[in-house]
Amino acid sequence: MTSPLRPDVRPTNPNFGSGPCSKRPGWTLAALQDAFIGRSHRAKGGKARLQDVIERSRAVLGVPADYRIGIVPASDTGAVEMALWSLLGERGVDMLAWESFGQGWVTDVVKQLKLTDVRTLKADYGHLPDLDKVDFSRDVVFTWNGTTSGVRVPNGDWIADKREGLVIADATSAAFAMDLPWAKLDVVTYSWQKVLGGEGQHGMLILSPAAVKRLESYTPAWPLPKIFRMTKGGKLIEGIFTGETINTPSMLAVEDAADGLRWAQSIGGLPALVKRSEANLAAVAEWVAKTPWVDFLAAEPAIRSCTSVCLKVVDPAFLKLDAEGQVAAAKKIASLLDKEGVAYDIAAYRDAPAGLRIWTGATIELADLKALLPWLDWAFAQVKAELATAA
């Protein structure tokens with residue numbers, strides 16, 4: 001096969017990394033010029049900015065009015081751990097894991113909280129566990145979209161409408177790109193630096209009335225750090241969910257989050273964001289279908305992520321390499337594209353199978369993604385030629 005020529009067209013924006021993710025189209029530092037800086041976040045103006053992010057988030061995501069939304073410390077990790085430490089232990093829990101971060105939550109529950117009544121439903125990278133085996137008389141913890149595997153749950157149909165336990169969903173790379181069925185979810189977490197391209201540091205924690213009831217009626221057996229505490233005297237600390245953050249937030253990051261939300265609203269809200277992400281996935285799928293050296297890591301089309309697209313190399317020359325060699329070859333593809341200024345940070349996650357991971361969330365322009373694809377062919381051809389020479 002003839003080696004592909006070096007492409008003439010480059011993506012205007014080469015930021016295809018999966019977190020922090022690309023800023024919205026047209027973003028500049030001028031978006032932060034009105035940030036509430038040099039002032040207390042507890043001042044009237046500071047609280048108003050924080051509450052604005054909460055209410056815009058509610059509007060764009062369609063969060064029900066009786067669900068609480070809070071800005072919490074330490075990104076999505078902090079939000080998830082806040083939920084696990086505060087809510088689990090009242091009953092048994094089913095943990096679902098099919099990639100790195102889901103497995104991390106299993107480790108938290110089993111090795112740190114040391115819960116004894118835990119069922120872990122696992123699947124290899126590229127697959128989902130058997131969702132029919134989930135027991136909703138128990139609490140359930142899962143990752144809506146596996147950022148390191150490119151596998152998402154196809155919908156919420158598998159979640160029982162009537163359930164005794166809570167459903168806790170880490171939705172950090174799903175929120176704003178996928179429809180979340182709020183009636184099926186009791187806790188949802190995400191971070192600003194994913195689909196809307198905000199800055200890091202803060203997480204979002206969304207609680208259903210059932211989750212609030214659990215918080216007010218159940219006290220965990222273990223001590224809770226201050227940044228995890230959501231109740232006082234058996235009652236929810238409502239201020240957390242009205243802009244009174246537990247610790248000091250970055251008002252620059254808050255302003256950036258608000259800017260991303262304003263952009264989302266300006267282009268048509270959640271339907272437009274989902275449409276952009278799905279169009280990007282469709283473009284990659286069309287290219288994969290006609291490209292023999294590559295395939296999706298996700299086994300079935302219905303479970304392929306429209307934000308964190310994970311690809312595996314299936315060329316025979318690559319598959320002949322041992323595991324270490326495959327990782328090195330895939331990293332070399334990513335490195336070539338980085339040096340060309342065509343795509344940054346697209347090597348597979350360190351714990352995932354060798355391959356590439358391309359962010360296709362709503363801030364990625366379809367034209368930029370289409371410009372990237374021929375460069376992937378070019379970079380792979382260079383690496384394959386090196387493998388042939390070395391052999």
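Author: Buried here means under 20% relative accessible area. Keep in mind that this is a predicted model.

Reader: Thanks! Is strand S8 enclosed by the rest of the structure or exposed, and why?

Author: Happy to walk through it. Side chains in a regular strand alternate between the two faces of the sheet. In S8, Val187, Thr189 and Ser191 point one way, Val188 and Tyr190 point the other way, and all are buried. Because five of the five residues of S8 (residues 187-191) are buried, the strand is largely enclosed.

Reader: Which residue of S9 stands opposite Val187?

Author: Let's look at the neighbours of S8. Strand S7 (residues 167-170) runs parallel to S8, joined by three bridges, and there Ile168 stands opposite Val187. Strand S9 (residues 202-207) runs antiparallel to S8, with five bridges between them. In S9, the residue opposite Val187 is Leu207.

Reader: Now for the sheet S12-S13-S14: which are its edge strands?

Author: This is an open sheet of three strands in the order S12-S13-S14, and the pairing is antiparallel. An edge strand here pairs on one side only, which holds for S12 (294-296) and S14 (356-359). From one strand to the next, the twist averages 35°. The edge strands, then, are S12 and S14.

Reader: And what angle does the direction of helix H6 make with that of S12?

Author: Good one to finish on. S12 and strand S13 (residues 308-313) run antiparallel and are joined by three bridges, with Lys312 in S13 as the bridge partner of Asp295. Helix H6 (residues 269-289) packs on this sheet, touching S12 and S13. Its direction and that of S12 make an angle of about 140°.

How values were computed:
Residues numbered from 1 in each chain as written. Predicted model: local features only at pLDDT ≥ 70, side-chain atom pairs only at ≥ 80, totals over all residues. Heavy atoms only, no water. Buried < 20%, exposed > 50% of the residue type's maximum accessible area, 1.4 Å probe, protein only. Helix = DSSP H or I, 4+ residues; strand = E, 2+ residues; numbered from the N terminus. Pairing = 2+ DSSP bridges. Axes fitted to C-alpha atoms, helices over the stretch in contact; angles between N-to-C directions. Contact = heavy atoms within 4.5 Å.
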